Every structure is written in structure tokens, then in C-alpha cells.
Amino acid sequence: MIFLYPLFSAGQWVNNVRTAFNSLSAEPKVITIQNAIEVPMEQGHLQGVQVVGEKLLISGSSLNQSYLLQVDLASKKAEKLIPLMEAPFRHAGGLQASEEYLAVGIEDNFKKNVSKVCVYPLEGEALETAAPVLIIERGGKPELNTAGATGILSSRPGQLVVVGDWDSRNWDFYQCSPMGGHAMQTASHAVPEDWPAYQSINLIADDEAIYAIGFYGNGQTGSADLILVSKPGALELIMEKVASKTFKCSDKVDFQTAAGLQVDQEGTLSVWATQRDAQKQIVVNTFLQR
């Protein structure tokens, strides 16, 4: 049995998750990023979004490689492309940063039978050199061992990682010690058939519970569901959808491919999303608490 303490890192803790989620504005603040980087787009697209300090990290897929596009939010410029893995691990999906780590699921999206969940420390050069300190190897039946959506939550001890398989039909939970190189699967849940195909899953917590926010979209309408995962203490899955919101996206911003949450150091929640394709100008929408 894995025990999770009720106090989480400042980067993912809010005073009241349900109140914060329900107070998110449906109207975006629009940010335009100037991009002079040739981003590989053949048979791929931008995938997930996370804010880390003054940087915006956007995961992406292509025919031959997976990668991160790093954007400087102060200058509003794309500043580097970080190659992650080569084919068949060409598809980096929805990702999440905790206070200390970044978790990215990288999969073979052609055969759909193998994936690697990579955990990178945010301090040092491990991310820039694409050298994860922990890799969770997944393989087996097609669609059941992919990693299209990955979330991570700092807990004491270690990190709680959730991995959604193809269209997030099954959620697998791992308790991890990244610097020790250890990960143990502790729970799994097959979601109800009427749940959407979440393309990003991010974890968030308050003193009362652990939650996940699942993101999906339909054209210019972005959607997010708030899911009660577990109470603090022993990880005992509840997996109950407790709230839903829709968001008005602008300029081809697409929750179906690239969305994620941020909790700042003051405990304020926001949602970020961007376009499917990397162009010379990349539009980002951020949805703030009212």
C-alpha cells in the first residue's frame, strides 16, 4: 500500500481545487509566439503544454522523432528544439511538470504496442540533453501500453505518476523515486465508456484530495473534466468526474492536441493551450481564474 502525504509541492497545490477549477474563465488571454525554428511536422503535430518558470514547454511528434519545443515567455520567442527520441518512439504526448521533474510519455504511435515514460529533473542539464533519470518501460498488447497522456504529482515520498494509454481508456498509476531509478505500478483503472478520449491528463491536489484534469477538444471548443482520484493517505482510487468546463479557443488553438494546467507559486490555477501545428507565429491561449 502506498501512502501519500496531504501536503504537496507548491507547484501543484491549491487551496481548493474545485473552487479554482470552477472559477477558470472561458475566455482566453491570447499570446503570440514568434518562431524561427524548423519544427518537424511530417505526420505529427504539437502535443502537450507545460509552463516551467519563464519557459513554455510544448511536446511534439513527427515521422522520425519526438521532441520538446522550448519557448521563452518573456520575449515571446521559440528558443530551442530539444530532440527526445527517434522512431519508433516518435510520439511525445501530453506531459506535466511537478516542482522538481518533467514527465513525458513517448510512444510508437504506429504499432501502438510500446512506450517509455521518461522523467527528467528540471534542474541541471538532463532535460536539454534528453537524459531521463527514470524510464518506465511499457509494452504488450496494442493500445494498452501506450503513453499518450502523462501526469506527475510531487508527494512525500517520491512522485505519483499517472499514464493514460491510447485515448486514455486505461489509467495506470506508479509511485516513483526518480533519482533512485525506481517505479512501481500501484493501481490501474479502466474508465467508463462514456468518458472522452483525453489527450492530456494533469494531476493537482489540495488538503482534501488528489484530482486529475483531463483535456480534450472539438474544433474551437476546448473541454476539461475535473476527476476526483483519491483522498489523501493511502492511494485508493475513486475516479469520479466531479465537474466539467468548456473554453472558447482562438486562432486554431486546439485542446485535442496541446493543453495543460499550471499552478503558480501563489497557488493560482490556469490552463494553457496552443495550436496543432508549429508555424512562424504560434498562438497560445491561457485561461485564468476570474
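A search of the whole structure finds 9 salt bridges, each a side-chain nitrogen of Lys or Arg within 4 Å of a carboxyl oxygen of Asp or Glu. This is a predicted model: local features need pLDDT of at least 70, side-chain atom pairs count only at pLDDT 80 or more, and totals for chains, interfaces and linings use all residues. Residues are numbered from 1 along each chain as its sequence is written, and side-chain values use heavy atoms, with hydrogens and water left out.

**Partly exposed pairs**

- K55 and E79 form a salt bridge at 2.8 Å, N to O.
- K55 sits in strand β4 and E79 in strand β6, 24 residues apart; strands are DSSP runs of E, at least two residues, numbered from the N terminus.
- K55 is partly exposed at 26% relative accessibility, and E79 is partly exposed at 35%; buried means under 20% relative accessible area, exposed over 50%, partly exposed in between (1.4 Å probe, protein chains only).
- K80 and E128 form a salt bridge at 3.0 Å, N to O.
- K80 lies in strand β6 and E128 in the loop between β9 and β10, so this pair ties together parts 48 residues apart in sequence.

**Buried pair**

- D108 and R90 form a salt bridge at 3.1 Å, N to O.
- D108 lies in the loop between β8 and β9 and R90 in the loop between β6 and β7, so the pair ties together parts 18 residues apart in sequence.
- D108 is buried at 5% relative accessible area, and R90 is buried at 8%.

**Network**

- Salt bridges with shared partners join K55, D72 and E79 into one network.

Methods
Helices (H or I, at least four residues) and strands (E, at least two) are DSSP runs, numbered from the N terminus.
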